[in-house]
Structure formats: C-alpha cells, structure tokens
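Here are a few friendly notes to read with the structure open beside you.

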Amino acid sequence: MVERTRTPLLTMRGITKRYKAVEALVDVNFEVHAHEVVALVGDNGAGKSTLAKVVAGVVVPDSGLVEIDGEPVSIPSPKAAQRLGVATVFQDLALCDNLDVTANLFLGREMRNAGVMQDGRMENIARSVLRDLSSRIPSVRTPLSHLSAGQRQSVAIARTLLGSPRIVVLDEPTAALSVAHTAEVLTHIERLREMGLGVILISHNMNDVRAVSDRIEVLRHGRNNGSFDAQRSSYEEIIGAITGAWQMAPASRASAPADREAAGR
Amino acid sequence: MSRRAASAGSQSSLREANKALVVTTVQRYGGLTQVELAAATGLSAATVSTIVRDLLAAGVVDTAVTTRSGRRAQMVTLARRVGLAVGIQIGHRHLRVVLGDFAHEVVAEQSLPLPHEHRSDTSLDRAALLVVDLLERIGSELDEVVGIGVGVPAPVDTSTGMVSVPGVFRGWEGEHLARVLDKRLGRPVHVDNDANLGALAESTLGAARGYRDAVYVRASYGTGAGIVINSRVHRGFAGTAGEIGHVQVDPQGHICRCGSRGCLDTVVGSAALLEPLRASHGPLTLRDVVARASGGDPGTAQVVADAGATIGAVVAGLGMAVNPQCVVVGGELAETGEVLLRPMRDAIRRRVLLNQIAPLEVVPAELGARAEVMGALVLALQSADVPVRVDDVGDLEPAEPAQVGDRRDRDDQDDQEDRRAAVG
C-alpha cells in the first residue's frame, strides 16, 4: 500500500518459525525503511515478540529470507544483529541499578586507552547521545536506581544509539509508564525517526502506536493480517484486524480506506 | 462604574486604584522594570516606585536587580506564592503542556505525540494526567494552580468553551471542553482557539509586543489567524474571527471539512501539502516536510513556498480589513523560516495598501513553536482571580498622605478609567 521507490532497510519474506506443534510465525512478510517507524501490533501470542527476536538474532527462523539493504543476510546471533546495525531494547531493559548512567550506556564496551577507562570521554559521549534524544536526565553520573521508569527507558534507548545502529527494535517501550514518561519515550521515537533510523515498535497501546508510527503491521495467530497507513486508518479498523473481525484478502495486502479530504482544521 | 464613583472621592482611593493598576499590569506582562512599569501604566516614576515598595512589603510582588540597556534596573514580578498556571495546546498531532508562574517563566514543559484524528475523551484524559505528572515533577500540587488555559485548532465559543463550528475538528464537537477538564483537575479552565492564543502570546511576550494592532498567522496542519486590535484579541461573535483557513481560494476546488468549496485549508492544509510530494518523496509527514525544506531540499521547499504565497494572498485581505502594524507568522511551517516567509511577505506587501507611516512588518513568531501554548498560559494567568485586589493590599497602606496635587496621577487615573470603561 505504501509505495517507496528506495530499497527497504530491512526486508523479511516468508518468515516461518515453529515450536513443535505451535506455529509462532507462518509465512510472515515485513519491511522497514530508513526514516520510518513501523509498529507491530497484535494480541498476546500473535507473534510480535518472536518476529522481533528474529530481527534481533535471538531466534533463528525455520525458513524465510531476511535482507538488509537488499542483500540477503542471516542473523544467527545478537552479535551478528549488532554488526548488521540492528539494536534492540527488550522489555526488561537489562540495566544495572548500581551503576551510573554513563556506565550503563557503555556496559560491556567501555572505552579504554591502554587499559585505562576513559571516563571523561565516555561522559561526553553519554551527554551528547542523551541530548540527541532530547532526554530529560539531569546528570550522566546519576545512579540508575535514582531514575524513574521513563528515564530508564531513555537510558536503554540511548544505549542502543552508541553502536550507531540503523534499525532499532523497541519491545513495549511504554508499558507501565506514566503519561509524562510515555510522552518522553514517544518523543524519543520521533527523534530516532528524524535521525533517519528505521524503528520497529512493538506495543499494545493503540494510542501510542498511532501517535508515532508511519505504518502499522498487524499480526494475528502468527500471520500477517493487514498493513495500515497510520495517518489514514482509524482506531477501529486496526482493532478489527487484531481481533480478526477484519480479514486480509489472500491475494492483496491491505488497502487504505478511501482517501479522505483531510483538510486541516 | 462603582470604581469611578469611588475614585471621585478621595486621594487615597485614587492611590488604591493605581496600586491595582500596577498589579494588573505586572500580571499582564509577567515581569517589568520600574521604568517600563511607569511607561505601561502612565503613572509617574515616583508613584510607581512608592507603589512597588508598598506591594513588596505586602508580599504581592518580588523585585530583583536586572539590567536594561546596560543600566541597573529593578525588575518587578508577582511573587511566586501567587501560584502557577497551566497552558495546554491540543494540536492535530501533538499535545503540549507548560507550567508557568506569573512572570511567564516556564517551570515545566512536556509534549506528547498524538494519533491522527485523536479524540477528545482520550486526549483530555492524557492532558489531565500530564498536568498532574508535571506538577509532581516540580514538587507542586493542583492547589497551587490558579487556572488552566487550553488551545484547540478550531474556533471556540469562549463563553461555553465548546468548539463553535461543526466539522473542522473531528471528534471534538459538542464537547464542553472546559467542563470536562475542570472535572478532572478541579481548577478554572479557559478554552480558546490556538491561533488566538498565539496572537495573545506574541502580542504580550513576543514579536508583536509593542504593537497595538497585529495579526498572528498560524501555518500548521491547518491555517488560522488571530487578530489583535488595540492590544486585545478580537474573537468575534462566535469565535470564528480570523478563521482564514476557510476563506475560499479556489472556487473549483475540493470540498472542505467545513462544507464549503475550495477553502484555503484544502489548498495548504497538511493533506494538500503532502499529496503532491508522494510521487517524488514517498509518504512524508508535515514535520518531515518542514525538516527537509529547512535543510534545503528543493521539492519540499517549493511546496512550502507556494503555500506561503497562497496564505499571504489571504492574509493580505485580512490585512486590508484590520490594518495591522505587523503580521507574525507561527505554526510548524514557519519553522522553515524565510522559505515560507519570503513568498508570504511578497504576497502580502503586493496586495496591502502602502502607507507612508511605516511598512507592514511580516516577521516570524518570537516564541516559535511555543507561541500557542504560551498563549494558553497567558490566558490562564490573565483570567486568574488573583488575591491582589485593592482590598487585599489596602490594609498595608502606609499612613503617609497621598501625593496631593499630583496632576499627572489624576489625569492618568482618568485615562485608566476611560480605558477600563472601554474595555468593559
């Protein structure tokens, strides 16, 4: 439906993953372009997280084709994903409470010069990454235990940026956040998009999804069940696709509802 | 009328009235030096100085040393204990909330992306929760909030706080917005059109400060204008004054949401701007267009420039009706700077009668993207029922006699009475 002339950053075709008798993903197609936020929505167990794990290199699909920049690749491990420019923030965030913001950002990839940690340089980079995200964290020396849930999410997102990724996968980034913190995280997502990254957003919250996504991909029982332009589709249509009230025609991908004369005010 | 009767009585009641005038002026501008206060109120510098001293002793105002043109000056602001106000701007794709004090100093701010065609119930809920979250962030509570100003991208009947024209802001009609928010937050709520609020903010704090007659143009997802006449926002009978988005520019054009044909918004609204870019640039958002046009991308810049010229032609008509001293341009498209402004300025100047006194200025909003939400804050502050009435501070009136025979004061007093009467 959404036509783009350029090669997608990430293309997934016919991704299938079975766990014994359970079909987690069946012949799923998925695309992300640079400068685009694609939301992955669906009911519990629809396969959203499994698909995210395939992108992150945590789960290897039984069959299917993954392309990055049009080149076929395999993502056998998280390290491989990182090398290919895919960064993932999982729900548990994997942060260390006892360390400060900078230490968390550089966890496992500390900058050293002849074995000595370059604290000053890391702090500078930490500040600039947080500024890029327009984050509200007061000091990069604050221990994580002093930060709110929203600020932790900011740190987790900022950490992905250090590897200069091209694709960022966010798994339920606004779950259990207050409105103010949700606002911050959604603003971060807008920033990631403006920085030209491809963002995959997994969320249950239809408001958040529709606020920042360009495109919404619905999964149902491990299969694609519609692709919606976030600016043209209604809340009800998307919910309908999630519940199965609306079934995707087998031959064609979802088509947008009739163009609306969306004259501003 | 009762005030006039009172002021006719004695010198001390005159002094009371002057004191109230100083307080309302400080409230209006947020912070003023004593010299500026004298200029704004028309009182003599000595009178202002005495009144400020009394108000300071009464704890109504605070003073701080500042510099103006390299000279030391006393900045007068309302004491912070007077409270906080909340400004909320509800846009087509964003919700913005600011907390500010009487000096218009923003103490907390947050914006939240909203879905396309978001609905009033969810968005107002989120706005209310965001206000509470922000208050928590600065260690304050709802009790301290004197009022809440809300801007919406549609004409508003300010007496009821309802959107007054059907169709233009889907999902928000028939809703008593002020009452809904009041129920959630329990503070006085004042609702107005966003362009009117932009006009209010720019004429109080921004680029139109110092001009009596000005027009604020908001070029965003839709287009609107706020009209300032004699330093007051002119809203019109049903709040639709300045709705330039619904001026017909193309008699053969598309049907607009409002029901008529070929409105300005059908030509320069976000949908109309994005559609011609689809083939060459792919699907973009309005923010993408602004970013790219600002970055020098020719295709998007062309779209923005054409919009500037089209809007300019309509603003010129408004300019003929109002004869403003300046046109201030805000909204997302104005973030492209001269890309939008130059063709708009050309179009306006080509059509507006030249006068020999001063050229019509067409300038960008000084408050930028914040203009509307700051206007909401200003609205809340100006409508606030602050305990600074003469009666409240009168007790602390020192015993010294009023400046007998200060003709200047008396004349000014009369002026102010006239002004007040004119204002209603």
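1. Let me begin with a helix in chain B. Helix α12 of chain B, residues 298–322, is 25 residues long and spans 35 Å from its first C-alpha to its last. That is close to the 36 Å expected at 1.5 Å a residue. Please keep in mind that this is a predicted model.

2. Now to chain A as a whole. Its secondary structure consists of 8 helices and 12 strands. Along the principal axes, the C-alpha atoms of chain A fill a box of roughly 60 × 50 × 35 Å.

3. How much of chain A is buried? Of its 265 residues, 48% are buried. As for contacts in chain A between residues at least 6 apart in sequence, 68% link residues at least 24 apart.

4. Chain A also has an open sheet of 4 strands, in the order β2-β1-β4-β5, with antiparallel pairing. The edges are β2 (22–32) and β5 (71–73) of chain A; each has a single partner strand, so one side of each lacks a neighbour in the sheet. From one strand to the next, the twist averages 30°.

5. Within that sheet, have a look at strand β1 of chain A, residues 10–19, which pairs with β2(A) in the antiparallel sense over 7 bridges. Here Arg18(A) sits opposite Glu23(A) of β2(A).

Terms used:
Residues numbered from 1 in each chain as written. Chains lettered and ligands numbered in written order. Predicted model: local features only at pLDDT ≥ 70, side-chain atom pairs only at ≥ 80, totals over all residues. Helix = DSSP H or I, 4+ residues; strand = E, 2+ residues; numbered from the N terminus. Buried ≥ 20, exposed ≤ 12 C-beta atoms within 10 Å, placed from the backbone. Contact = placed C-beta atoms within 7 Å. Expected span 1.5 Å × (residues − 1). Pairing = 2+ DSSP bridges. Axes fitted to C-alpha atoms, helices over the stretch in contact; angles between N-to-C directions.
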